[in-house]
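The sequence and model come first.

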Amino acid sequence: KEIDYNPETNQIEIDLNLFFDRNVKAGCDDLTVKRYIINTYTTMLTRGIKGCYVYACNKNLRDYLSRFIANAN
């Protein structure tokens with residue numbers, strides 16, 4: 001839930017209030033945490049050997065990703 005897409009600014013946004021990993025947040029500024037989150041998801045989405053299921057909790061993010069990810073159904 002911490003990742004969303006803002007169609008007005010055309011940017012992916014991170015809500016750090018919805019990110020609960022204290023180990024990642026400890027000793028890091030907000031920009032570093034946001035980069036870590038984006039890098040983590042990017043890595044997971046690009047390493048799927050036989051595929052990857054993606055579920056976006058937020059409608060704006062779901063609509064945005066559907067432009068780039070084909071529906072396998």
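With a disulfide defined as a pair of cysteine sulfur atoms within 2.5 Å, the count comes to 0. A disulfide is a covalent bond between the sulfur atoms of two cysteines. The model is predicted, so local features need pLDDT of at least 70, side-chain atom pairs count only at pLDDT 80 or more, and totals for chains, interfaces and linings use all residues. Residues are numbered from 1 along each chain as its sequence is written, and side-chain values use heavy atoms, with hydrogens and water left out.

The table lists the accessibility of two residues, where buried means under 20% relative accessible area, exposed over 50%, and partly exposed in between (1.4 Å probe, protein chains only).

| Residue | Relative accessibility | Class |
|---|---|---|
| C28 | 35% | partly exposed |
| C57 | 38% | partly exposed |

**Overall fold**

The protein chain has 3 helices and 2 strands, in the order β-β-α-α-α along the sequence. Helices (H or I, at least four residues) and strands (E, at least two) are DSSP runs, numbered from the N terminus. Along the principal axes, the C-alpha atoms fill a box of roughly 40 × 30 × 15 Å. Of the 73 residues, 21% count as buried.

**Hairpin**

Strands β1 and β2 pair in the antiparallel sense over 4 bridges; pairing requires at least two DSSP bridges between two strands. N6 has Q11 in β2 as its bridge partner. The two strands form a hairpin with 4 residues between them. N10 lies in the loop between β1 (3-6) and β2 (11-14), and has a positive phi of about 60° although it is not a glycine. Most residues other than glycine have a negative phi.

**Helix α2**

Helix α2 (residues 30-46) has 17 residues and should span 24 Å at 1.5 Å a residue, which agrees with the 24 Å between its end C-alpha atoms. The expected span is 1.5 Å times one less than the number of residues.

**Nonpolar core**

A nonpolar core is a set of buried Ala, Val, Leu, Ile, Met, Phe, Trp, Tyr and Cys residues joined through side-chain atoms within 4.5 Å. The largest one has 12 residues, including I3, Y5, V33, I37 and L61. β1, α2 and α3 (59-66) each supply at least two residues of this core, and α3 gives the most, with 3 residues. Leaving aside neighbours within four places in sequence, V33 is in contact (heavy atoms within 4.5 Å) with L16, F19, V24, K25 and C28.
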